[in-house]
Amino acid sequence: DERDAATLASIASAGRERSEQSASTRLDEELFGPMPTATEMPSRTGAHALSFLLFLILAPLGWYLAADAGARMFSGIASLAALGELLGTIVLSMILCVIARRSSLGAWIMGLLFLLIGMPWVLAPGITAKALQAPLTALSSASPFGENLMHHLQATGYSGRFVLLGVLLMGVGYISHSARRTGRSEEALRASIEAVNPAGALYSKRA
């Protein structure tokens, strides 16, 4: 009876140890195990919509601030307002670059829009001036801001800066899109190499 009792106690103790070990192993796996694998690519609809909306608002605002700052500085007199507008243009440009990093849709659309707006000023300035004379005159007569806006539109259009701005934005969109595609291709190549040669998937010893 004593031997049976000792055997049962030993079995119970071993069972408790195995149970504690199993619980500890499960906890370690949950805390330090690999992250769960995603089963599908996340949707990019939100990023595209946000990119389009912010570029639609911030790109024209950045253009106006840059044009107004340039007009103030052209007088040759130091102006805090001009410096403030220039700083605002820089901040908006940085924000647009960050947005383009997430989605290039807004840069493509606004670049194409600026390009289409600027082409008539460059290719047919006389016809464009006659066609826009009435609306620009009405805009100028509406308020001092409208007069200022008319001046910037004409200066930017006739100088070809609308065309340059459109090409620049489309270039930003192209670079953003190309960089994202290159990154995906490199990650796919890295995963393929890691399957057969993990050490060869690193660019350098530090990587």
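Leu 56 is partly exposed, with a relative accessible area of 38%; that label covers the range between buried (under 20%) and exposed (over 50%), using a 1.4 Å probe and protein chains only. This residue lies in helix α2. Helices here are DSSP runs of H or I with at least four residues, strands are E runs of at least two, and both are numbered from the N terminus.

A quick word on the model: it is predicted, so local features need pLDDT of at least 70 and side-chain atom pairs pLDDT 80 or more, while totals for chains, interfaces and linings use all residues. Residues are numbered from 1 along each chain as its sequence is written, and side-chain values use heavy atoms, leaving out hydrogens and water.

Leu 56 also belongs to a nonpolar surface patch of about 820 Å², together with Phe 52, Leu 53, Ile 57, Leu 105, Trp 108, Ile 109, Tyr 174 and Ile 175. Patch members have over 30% relative accessible area and no salt bridge, and nonpolar side chains (Val, Leu, Ile, Met, Phe, Trp, Tyr) are joined within 5 Å. A salt bridge puts a side-chain nitrogen of Lys or Arg within 4 Å of a carboxyl oxygen of Asp or Glu. Helix α2 gives the most to this patch, with four residues.

| Element | Residues |
|---|---|
| α2 | 45-73 |
| α4 | 105-123 |
| α7 | 161-196 |

Zooming out, the protein has seven helices and zero strands. Buried residues make up 22% of its 207 residues. The protein exposes about 14800 Å², with 67% supplied by carbon and sulfur atoms; such areas come from the Shrake-Rupley method with a 1.4 Å probe, and for residues only the protein chains shown count as cover.

Conventions:
Patches are made of residues with over 30% relative accessible area and no salt bridge: like charges are joined within 9 Å, nonpolar side chains (Val, Leu, Ile, Met, Phe, Trp, Tyr) within 5 Å.
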